[in-house]
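Biologist: Hi, I'm new to this one. Could you walk me through it?

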Amino acid sequence: MIAATTGVVRRWSRLLLPGLIFCLLHFGAANAGPAVQARLAPESLLLDGASAGARLVVVGERGHVLVSADGGASWKQASVPVRSLLTAVHMHDERIGWAVGHDAVILRTEDGGMTWRVAHYAPKEERPLLDVWFRDERNGFAVGAYGFFLSTSDGGRTWKPRTIDKDDFHLNALVPAGPGRLFIAGEAGAVYRSDDGGANWRKLSSPYAGSWFGALALDANRLLLLGLRGTMFRSENGGASWTRVPTQTKATLTGALRVKPGLMLVTGLEGTLLVSRDGGRSVSIDAAFKPLTSRQGISTALALSDGGLLLLGEFGVKRLPRAE
């Protein structure tokens, strides 16, 4: 299990919820004040990233936001007004983006990730936000622990709480899947789908009772779900039915990335890297993308413009060679 200074982290924290989250969220006072500029920030725990035109923006522990303009070869630490653990980032374009994290914090940038301001901050909520996604420059959603669901229609300047289910399952990953269709993967096998851009949601029949920590939509109907103990399922009909994908691992899977047509990468704890070359119907260890010998947990992967890949996780950032 991987621990950050503040306790739990984006995908690893989901494994601990709800047992430890209450005691680990009472760090609001410690998180007050701006993030400290740290020389080793690129080697600290980093949990999510996004492309912003030619830039890369990644987020992680202690309010760290790092920006690279050279494909991850070098990084500059952004000016961030909080020290909360940041769990997810979404960039609308080269200028505008949002990041979310513990203390129910939502940050907004208008300069490509170099400076951020607080749009929402509520430590007393005791519910971290775990993912964020925007349909356009004005309309977006943030999701998190205990059914926490926020929406905005003014570019993230103000946020309104919503309830999408009577059960307060942790909402771990928010995934767009074509025009108007969205999925949410959550705790206890919870899977939700919206067919109207997030206005209404319905709970789908789940093939697994354990938690989902990652998802990837290949199109409006084809969806992959990834979770505990190497569990992976695939749907080809929008979640109406599911097929298990054997993974030959018991490591928790954290995410999947479609690198290019015919190549998909699945990440996980214990340094797990799995490759699919058939649209997620099967996965295996591939000589081109070997699991990390350090067995450090991988949170996610990003595709780079030059064909390379960037891993984020317990080790910070790690660049892989061009995908073949």
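This is a predicted model: local features need pLDDT of at least 70, side-chain atom pairs count only at pLDDT 80 or more; totals for chains, interfaces and linings use all residues.

Biologist: Which residues touch the most other members of the largest nonpolar core?
Modeller: Val57, Val65, Val80, Val89, Leu107 and Trp116, out of 17 residues. Such a core is a set of buried Ala, Val, Leu, Ile, Met, Phe, Trp, Tyr and Cys residues joined through side-chain atoms within 4.5 Å; buried means under 20% relative accessible area, with a 1.4 Å probe and protein chains only.

Biologist: And which element gives the largest share?
Modeller: S5, with 3 residues. Strands here are DSSP runs (E, at least two residues), numbered from the N terminus.

Biologist: What order do the strands of the open sheet take?
Modeller: S5-S6-S7-S8, with antiparallel pairing. Two strands pair if DSSP finds at least two bridges between them. The edge strands are S5 and S8 (117–120), each pairing on one side only.

Biologist: How many bridges join S7 to S8?
Modeller: 3 bridges. Leu107 stands opposite Val118 in S8.

Biologist: Switching topic: is Ser299 buried or exposed?
Modeller: Buried, because its relative accessibility is 0%. Ser299 is found in strand S24, residues 298–303.

Biologist: What does its side chain reach at 2.7 Å?
Modeller: The side chain of Ser299 reaches the backbone oxygen of Leu47.

How values were computed: Residues are numbered from 1 along each chain as its sequence is written. Side-chain values use heavy atoms; hydrogens and water are left out. Buried means under 20% relative accessible area, exposed over 50%, partly exposed in between (1.4 Å probe, protein chains only). Helices (H or I, at least four residues) and strands (E, at least two) are DSSP runs, numbered from the N terminus. A polar contact is a pair of N or O atoms within 3.5 Å; within protein, one must be able to donate a hydrogen and the other to accept it, and residues adjacent in sequence count only if both atoms are side-chain atoms.
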